[in-house]
Amino acid sequence: PQSRDSWGFSSEVQMLANRGYNVLQINYRASTGFGKEFVSKGNLEWGARMHEDILDGVNHAIENGWADPNKIAIYGGSYGGYEA
């Protein structure tokens with residue numbers, strides 16, 4: 001991944017939220033903008049620990065009652081599409 005999600009308006013997120021979806025945007029290891037050490041934590045981790053970053057976020061949402069474990073969907077573009 002050569003980008004990251006950041007705070008701010010996103011028409012895509014707003015469209016989903018408007019239709020009742022909770023949206024969790026994961027900046028998994030190797031996302032840019034958090035320093036070289038964070039980026040390098042993604043080396044050789046595609047589909048491994050980077051996948052665990054997504055699962056950790058989903059599990060956190062479930063444990064806090066924000067998400068129904070029977071209604072989880074994952075999608076994305078670029079690496080997010082590969083990960084989904």
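**A buried aspartate and its helix**

A: Leaving aside residues up to four places away in sequence, Asp53 touches Ile26, Tyr28 and Arg29; bear in mind that the model is a predicted one.

Q: Which helix is Asp53 in?
A: Asp53 sits in helix H3, which covers residues 49-63 and, with its 15 residues, reaches 20 Å from first C-alpha to last, close to the 21 Å expected at 1.5 Å a residue.

Q: And is Asp53 buried or exposed?
A: Asp53 counts as buried, because its relative accessibility is 16% and the cut-off for buried is under 20%.

Q: Which other residues of H3 are buried?
A: Besides Asp53, the buried residues of H3 are Met50, Ile54, Gly57, Val58 and Ala61. They cover an arc of only 130° around the axis, so they lie on the same side of H3.

Q: What do they pack against?
A: The buried residues of H3 pack against helix H4, residues 79-83.

Q: What follows H3?
A: H3 is followed by Gly65, which has a positive phi, near 75°.

Q: Switching to the whole chain, how many helices and strands are there?
A: The chain has four helices and zero strands, and its C-alpha trace spans about 35 × 25 × 20 Å along the principal axes.

Q: How much of the chain is buried?
A: Buried residues make up 20% of the 84 residues, while the accessible surface comes to about 6,400 Å², with 49% of that belonging to carbon and sulfur atoms.

Q: What about charges?
A: There are 7 positive and 10 negative side chains, and the centres of these two sets lie 5 Å apart.

Key: Residues numbered from 1 in each chain as written. Predicted model: local features only at pLDDT ≥ 70, side-chain atom pairs only at ≥ 80, totals over all residues. Heavy atoms only, no water. Helix = DSSP H or I, 4+ residues; strand = E, 2+ residues; numbered from the N terminus. Expected span 1.5 Å × (residues − 1). Buried < 20%, exposed > 50% of the residue type's maximum accessible area, 1.4 Å probe, protein only. Arc of directions from axis to C-beta. Contact = heavy atoms within 4.5 Å. Areas by Shrake-Rupley, 256 points an atom, 1.4 Å probe, with all protein chains shown as cover. Lys, Arg positive; Asp, Glu negative; His and termini not counted. Charge placed at Lys NZ, Arg CZ, Asp CG, Glu CD.
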